[in-house]
Amino acid sequence: KQHKRLIEQGAELYAEHCADCHGKSGEGVAYKYPALAGNRLVTANSPANAIRSVMDGGFAPSTQANPRPHGMPPYAQQLSAQEVASVLSYIRQSWGNNAAAVAPRDITAN
């Protein structure tokens with residue numbers, strides 16, 4: 001039951017904070033927003049890089065060809081450790097991804 005609620009909460013948070021860029025099915029947008037479905041960073045044994053991406057955000061460097069790159073905002077101030085764990089667990093276990101759930105203690109340890 002607890003795992004099911006974790007995934008349900010993650011789905012709600014994903015719809016609210018992530019789907020506009022990464023797509024409803026984690027498909028992303030070519031050259032703008034990475035796909036999360038089948039993404040090795042998302043499904044790595046250690047969730048550390050995925051946690052850092054959500055907490056700290058990230059932006060590609062500006063180049064002459066891409067002067068205003070798309071980026072991901074940081075969510076460290078918006079989402080609790082429980083919420084980050086929920087959304088990452090949802091992402092790591094959706095759209096064919098098959099990685100372990102993330103616990104709130106994983107968020108605070110990174």
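## Basis of the model

The model is predicted, with local features requiring pLDDT of at least 70 and side-chain atom pairs counting only at pLDDT 80 or more, whereas totals for chains, interfaces and linings use all residues. Residues are numbered from 1 along each chain as its sequence is written, and side-chain values use heavy atoms, with hydrogens and water left out.

The structure holds two salt bridges (a side-chain nitrogen of Lys or Arg within 4 Å of a carboxyl oxygen of Asp or Glu). Arg 5 pairs with Glu 8 at 3.7 Å, N to O, and with Glu 12, where the closest N and O atoms are 3.9 Å apart.

Glu 8 and Arg 5 are separated by about one helical turn because they stand three residues apart in helix α1 (residues 2-17). Helices are DSSP runs of H or I with at least four residues, and strands are runs of E with at least two, numbered from the N terminus. Relative accessibility is 42% for Arg 5, 37% for Glu 8 and 49% for Glu 12. Each of these values counts as partly exposed, the class between buried (under 20% relative accessible area) and exposed (over 50%), with a 1.4 Å probe and protein chains only.

## Arg 92, a buried charge

Arg 92 lies in helix α5 (residues 81-92). Arg 92 is buried and has no salt bridge; Asp 106, the nearest side chain of opposite charge, is 7.6 Å away. Here Lys and Arg count as positive and Asp and Glu as negative, while His and the chain ends are not counted.

A polar atom of the Arg 92 side chain lies 3.0 Å from the backbone oxygen of Ala 44. Beyond four places in sequence, Arg 92 touches residues including Val 42, Pro 47, Asn 97 and Val 102 (heavy atoms within 4.5 Å).

## Positive phi angles

Most residues other than glycine have a negative phi. Tyr 31 has a phi near 65° and lies in the loop between α2 (19-22) and α3 (40-43); at 85% relative accessibility, Tyr 31 is exposed. Trp 95 has a phi near 55°, sits in the loop between α5 and α6 (104-109) and is partly exposed at 24%.

Technical notes: Polar contact = N/O pair within 3.5 Å; in protein donor to acceptor, adjacent residues only side chain to side chain.
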